[in-house]
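Have the viewer open as you read.

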Amino acid sequence: MKSINLFLVTLLIMALAIALSSSISSAMEEPNSNIQGTSHFILSRKQNRISLTCDKYPKICHVKGSAGSDCCNNRCVNFTIDMLNCGRCGKKCSFPKICCEGKCVNPRSNEKHCGKCGNKCDNRGSCVYGMCSYA
Ligand SMILES: *[C@@H]1O[C@H](CO)[C@@H](O)[C@H](O)[C@H]1NC(C)=O
């Protein structure tokens, strides 16, 4: 059991090292005059490289800074709040619904997610047009 864990950690570190080195070298190949644009570019490249391996190495999505710990189509996502993968891969929330706790809810009228995820009305009235109020 211990050796399996060690193996997985080693794999993860190797995958990270590959992702990091390839994103840095590709960023150097494509110079960008805007410094902020460059760092953003490197970041998004890095995220792409990391998430592109999660079908094979799902543990890579648990790395700090990942978009989420779940994997859909080789991308790390967060089932809790992802509007395109809400609760499961490919489950889209259609307007005006949003994804809260892995479920599509209508924030205009949902008593537990009124206006935004986790905003409970409780004794602040009922949810009307996304606001808790006594109408
Ligand atoms: C997913 O999103 C929720 C809500 O923002 C957050 O609390 C949680 O830490 C996220 N999970 C990951 C793995 O990022």
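In which loop is His113 found? His113 sits in the loop between β4 (103-105) and β5 (126-128), where strands are DSSP E runs of at least two residues and helices H or I runs of at least four, numbered from the N terminus.

A note on the source: this is a predicted model, where local features need pLDDT of at least 70, side-chain atom pairs count only at pLDDT 80 or more, and totals for chains, interfaces and linings use all residues. Residues are numbered from 1 along each chain as its sequence is written, and side-chain values use heavy atoms, with hydrogens and water left out.

Overall, the chain has two helices and six strands, running α-α-β-β-β-β-β-β along the sequence. Of its 135 residues, 23% count as buried (under 20% relative accessible area, 1.4 Å probe, protein chains only).

Back to His113: its relative accessible area is 5%, so it counts as buried. Not counting residues up to four places away in sequence, His113 touches Cys100, Glu101, Val105, Pro107, Gly118 and Asn119 (contact means heavy atoms within 4.5 Å).

Around the ligand you'll find Gly68, Ser69, Asn78 and Ile81 (a heavy atom within 4 Å).

Note on methods:
Buried means under 20% relative accessible area, exposed over 50%, partly exposed in between (1.4 Å probe, protein chains only).
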